[in-house]
Amino acid sequence: MASQELALKLQRRLQWEEVEEGGLQPAPGAAPAPEHESPARAPTACADAELSAQLNRRLDINEGTARPRRCKVFNPYTEFPEFSRRLIRDLESMFKKYDAGRDGFIDLMELKLMMEKLGAPQTHLGLKSMIKEVDEDFDGQLSFREFLLIFHKAAAGELQEDSGLMALAKLSEIDVAQEGVKGAKDFFEAKVQALSCASKFEAELKAEQDERKQEEEKRRLRQAAFRELKAAFST
């Protein structure tokens with residue numbers, strides 16, 4: 001109710017601003033505009049409009065009529081430098097596995113299925129709380145960036161130990177042994193151990209390049225063998 005009242009007040013204020021600028025008559029029932037206003041009102045007009053837009057979107061979300069916002073393109077390797085390239089690829093595979101709608105988001109029902117598969121089922125309110133904790137754009141679902149944010153917060157110790165997000169992070173299917181942990185105390189320290197990000201990135205990139213070269217060489221040898229076999233049958 002408080003949100004609706006505030007929305008109505010902001011709407012009436014915007015109507016009076018249009019009246020003052022265009023010389024129009026105020027709408028019936030509109031509250032009278034103040035006769036004297038502070039000179040500082042002009043700089044706050046944009047802030048009022050932004051607040052009104054955010055409030056209206058929040059009301060739309062609560063009513064289930066909000067349109068999802070497009071997730072901006074981002075580079076996970078630069079935004080989450082504490083994660084190795086391999087870890088990000090594994091998390092991306094996990095994200096796509098539960099993105100049943102293939103729309104680039106994990107919604108409430110897909111998150112419900114994920115938590116059930118991980119062996120930590122949540123209530124409806126619990127699932128909504130999980131999304132709300134990392135839902136930066138208030139669209140009621142998880143983008144890939146927000147999904148990575150779960151593991152970032154877990155590694156930084158910003159999640160409650162008994163929270164649903166912490167359970168998701170701990171029960172994820174990431175193979176810790178393959179991360180090459182040396183003396184790390186637990187899962188999250190293994191992911192964010194103190195290594196030189198630059199050298200680690202270069203080493204992983206070189207390993208990927210070497211792997212591609214090996215695959216290319218194998219493909220070249222297979223093609224050569226096929227050509228020789230084809231020539232033998234042609235003669």
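How many aromatic pairs does the count come to by the ring-pairing rule? In this predicted model the count comes to four, where rings of Phe, Tyr and Trp (its six-membered ring) pair if their centres lie within 6.5 Å, and planes under 30 degrees apart count as stacked, over 60 as edge-to-face and the rest as tilted. The ring centres of phenylalanine 80 and phenylalanine 83 are 5.9 Å apart and the planes are at 5 degrees, so this pair is stacked. Phenylalanine 80 is buried at a relative accessible area of 2%, and phenylalanine 83 is buried at 5%; buried means under 20% relative accessible area, exposed over 50% and partly exposed in between (1.4 Å probe, protein chains only). For phenylalanine 147 and phenylalanine 151 the centres are 5.4 Å apart and the planes at 65 degrees, so the pair is edge-to-face.

Residues are numbered from 1 along each chain as its sequence is written. The model being predicted, local features need pLDDT of at least 70 and side-chain atom pairs count only at pLDDT 80 or more, while totals for chains, interfaces and linings use all residues; side-chain values use heavy atoms, with hydrogens and water left out.

The secondary structure comes to 10 helices and zero strands, where helices (H or I, at least four residues) and strands (E, at least two) are DSSP runs numbered from the N terminus. Of the 235 residues in the protein, 31% are buried. The accessible surface is about 16,000 Å², and 55% of this area belongs to carbon and sulfur atoms; accessible areas come from the Shrake-Rupley method with a 1.4 Å probe, and for residues only the protein chains shown count as cover. Among contacts (heavy atoms within 4.5 Å) between residues at least 6 apart in sequence, 54% join residues at least 24 apart.

In soluble globular proteins, nonpolar side chains tend to be buried together. A nonpolar core is here a set of buried Ala, Val, Leu, Ile, Met, Phe, Trp, Tyr and Cys residues joined through side-chain atoms within 4.5 Å. The largest such core has 34 residues, and Leu111, Met114, Phe147 and Leu168 have the most contacts inside it. Two or more residues each come from H4, H5, helix H6 (124-134), H7 and H8, with the largest share, seven residues, from H7.

Helix H7 (residues 144-155) holds both phenylalanine 147 and phenylalanine 151, four residues apart, about one turn of the helix. Both residues are buried, and together with Phe95 and Phe144 they form one aromatic cluster. Beyond its neighbours within four places in sequence, phenylalanine 147 contacts Leu91, Met94, Phe95, Ile106, Met114 and Leu168. Helix H8 (residues 164-171) is mostly covered, six of its eight residues being buried; among them are Leu165, Met166 and Leu168.

The loop between helix H4 (85-98) and helix H5 (108-117) contains alanine 100, which is exposed at 58% relative accessibility. Alanine 100 lies 10 residues from glutamate 110 in sequence and 6.8 Å from it in space, C-alpha to C-alpha.

An unreviewed UniProt entry carries the annotation "domain: EF-hand" over residues 86-121 and 122-157; UniProt positions are given in the numbering used here, feature names are shortened, and annotations may be inferred rather than shown by experiment. Residues 86-121 are 64% helix and 0% strand, with end C-alpha atoms 28 Å apart. Residues 122-157 are 64% helix and 0% strand, with end C-alpha atoms 21 Å apart.
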